[in-house]
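The structure is shown first.

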Amino acid sequence: MSVAAVGSFSLLRSPTWIGRPRFTMAFRSKAVSVSPILTKFQKDCDTPLPVLRHVADAMADDMRAGLAVDGGSDLKMILSYVDTLPSGNEKGLFYALDLGGTNFRVLRVQLGGKEERVIATEFEQVSIPQHLMFATSQELFDFIASGLEKFVESEGDRFHLCPGRKREIGFTFSFPVKQTSIDSGILIKWTKGFAVSGVAGKDVVACLNEAMERRGLDMRVSALVNDTVGTLAGARYYDDDVVAAVILGTGTNACYIERKNAIPKLQGQASSSGKTIINTEWGAYSNGLPLTVFDREMDAASINPGEQIFEKTIAGMYLGEITRRVLLAMAEFSPLFGKSVPKKLSTQFILSTPDICAMQQDVSNDLQAVGSILYNVFGVESDLSARKIVVEVCDTIAKRGGRLAGAGIVGILQKIEDFEDVKVGKRRVVAMDGGLYENYPQYRRYLKEGVTELLGTELAKNVAIEHTKDGSGIGAALLAASNSIYKT
């Protein structure tokens with residue numbers, strides 16, 4: 001199984017129970033046999049309040065350093081060139097293309113202005129074959145343009161393009177980009193397991209435009225946005241209290257609204273609103289994180305060792321893999337799954353984050369669903385004691401990831417001017433999206449728990465962590481509208 005499963009984060013593929021496990025050991029004896037590994041792992045993953053406080057404070061400090069000068073910290077603090085958010089007056093048909101993981105999504109929306117807002121919307125999701133994650137630029141973008149072309153051809157009666165206009169599209173590209181204008185940006189590097197050749201250092205909008213031209217597709221990219229920027233725009237369209245957005249899915253990132261005069265590296269540039277959206281690229285944060293030997297081994301074996309450490313600790317692509325590495329160490333140390341180590345347990349990324357999430361949802365007395373997943377993924381039969389240990393490992397990883405993500409959110413809130421408003425009782429909203437946050441209830445609970453622990457119960461009441469489903473797609477289409485060449 002490939003890591004592609006992580007992107008969709010579907011929990012619909014619950015494996016059917018095959019075979020019946022042998023109950024050969026008491027839970028106590030097996031737990032004792034792996035306890036040195038489990039105890040050390042839990043200790044190394046621990047996120048008490050001082051650790052969360054350090055991460056939040058250091059995140060805010062890194063944000064300031066990244067705003068002062070390019071390269072000032074691990075956080076790139078990239079200018080989005082989104083200086084004016086959608087007002088609600090936008091009208092017409094607009095498209096969005098969202099490329100940010102192991103799937104890409106195409107969406108269209110009919111906007112009706114202040115009174116009607118979003119009249120109609122449709123979207124489709126297309127899985128990206130794994131070989132295209134390592135292909136050439138032309139191969140990847142031709143595949144995307146082909147999917148976009150098919151979607152445009154299915155445009156129904158609910159959607160109307162104004163006569164004489166080209167179709168305009170908001171392009172959500174959720175990888176580190178050096179934005180050069182609202183509709184152009186240079187790829188800095190691939191993340192999330194992608195290694196497509198011929199794109200780094202090039203304008204990704206030009207890559208898409210060229211692919212659309214090759215297909216004879218008459219469309220224009222009017223806004224290039226990060227998925228977090230799109231999520232923020234989509235959420236703010238309905239709620240003026242939104243100040244930041246966080247994506248927790250295959251990968252992770254965060255953006256927020258910043259005052260222009262708080263960005264020294266802008267050197268006097270101005271905008272009509274005096275504010276802009278900053279794309280933090282917080283996946284690169286690394287200061288003071290509670291890492292284990294398994295994290296370090298996974299990082300060393302990755303395509304980008306030493307990079308994206310925060311992402312590798314909290315994002316969906318990696319949580320299942322960390323779990324697998326812990327279970328492998330346990331199986332090598334003791335007969336967790338029988339006398340021999342299961343061969344499949346050594347296969348990298350064979351255990352997905354949807355798998356560990358599904359195992360944590362099992363509340364049956366014999367943890368039958370856990371046993372089923374272990375059998376289907378690793379080909380092992382397990383007794384109740386082994387299953388309980390597996391669930392404990394899953395919970396440890398989800399708890400660390402969720403609480404650290406919560407600390408990162410508090411770090412952003414501490415940095416922005418609006419945090420003073422929170423202290424005097426004003427409501428502020430952080431928009432959340434991504435399959436990990438949406439589908440993993442324990443992770444979501446640990447995240448909110450971390451935020452509340454850091455802010456205190458009373459202050460936390462003023463901060464709403466709200467799920468904005470598919471916000472980045474709608475947001476990109478809205479930004480295409482607000483930056484339309486036909487806008488008067």
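In this predicted model, the contact between helices α7 and α18 brings Asp227, Val229, Gly230, Thr231, Ala233 and Gly234 of α7 against Gly471, Ser472, Gly475, Ala476, Leu478 and Leu479 of α18. By class, five of these contact residues are nonpolar, six are polar and one is charged. Helix α7 covers residues 227–236 and helix α18 residues 471–482; their axes lie 6 Å apart and the packing angle is about 80°. Because angles from 65 to 115 degrees count as roughly perpendicular, α7 is described as roughly perpendicular to α18.

Helix α3 (residues 49–68) and helix α16 (residues 441–455) have axes that come within 10 Å and cross at roughly 85°. The two helices, α3 and α16, are therefore roughly perpendicular to each other. On the α3 side the contact involves Leu49, Leu52, Arg53 and Ala56, which meet Gly450, Glu453 and Leu454 of α16. This contact of α3 with α16 comprises four nonpolar, one polar and two charged residues.

Attention now turns to the sheet. Five strands form an open sheet in the order β4-β3-β2-β5-β8, and their pairing is mixed. Strands β4 (118–127) and β8 (219–225) stand at the edges; each has a single partner strand, so one side of each is left without a neighbour in the sheet. From one strand to the next, the twist averages 20°. Strand β3 (residues 103–112) pairs with β4 in the antiparallel sense, over nine bridges. Within this region, Val109 has Thr121 in β4 as its bridge partner. Helix α5 (residues 137–153) packs on the sheet and touches β2 (91–99), β3, β4, β5 (167–173) and β8, with a direction that makes about 40° with that of β3.

The salt bridges come next. The count for the model is 27 salt bridges. One of them joins Lys40 to Asp44, with the closest N and O atoms 3.1 Å apart. Both residues belong to helix α2 (residues 27–45); because they are four residues apart in that helix, Lys40 and Asp44 are separated by about one helical turn. Lys40 is exposed, with a relative accessible area of 52%, whereas Asp44 is partly exposed, at 21%.

Which residue forms a salt bridge with Lys415? The partner of Lys415 is Glu258, and the closest N and O atoms are 2.7 Å apart. This pair links distant parts of the chain, since Lys415 lies in helix α13 (residues 384–415) and Glu258 in strand β10 (residues 252–259), 157 residues apart. Both Lys415 and Glu258 are buried.

A further salt bridge connects Lys312 with Asp299, whose closest N and O atoms are 2.6 Å apart. Here too the pair links distant parts of the chain: Lys312 is in helix α9 (residues 309–314) and Asp299 in helix α8 (residues 293–301), 13 residues apart. Are these residues buried or exposed? Buried means under 20% relative accessible area; Lys312, at 4% relative accessibility, therefore counts as buried, and Asp299, at 14%, counts as buried as well. Elsewhere, salt bridges that share partners join Asp239, Asp241, Arg427, Arg428 and Glu466 into one network.

Notes. Residues numbered from 1 in each chain as written. Predicted model: local features only at pLDDT ≥ 70, side-chain atom pairs only at ≥ 80, totals over all residues. Heavy atoms only, no water. Axes fitted to C-alpha atoms, helices over the stretch in contact; angles between N-to-C directions. Parallel < 35°, antiparallel > 145°, perpendicular 65-115°, else oblique. Contact = heavy atoms within 4.5 Å. Nonpolar A, V, L, I, M, F, W, Y, C, P; charged D, E, K, R; others polar. Salt bridge = Lys/Arg side-chain N within 4 Å of Asp/Glu carboxyl O. Buried < 20%, exposed > 50% of the residue type's maximum accessible area, 1.4 Å probe, protein only. Pairing = 2+ DSSP bridges.
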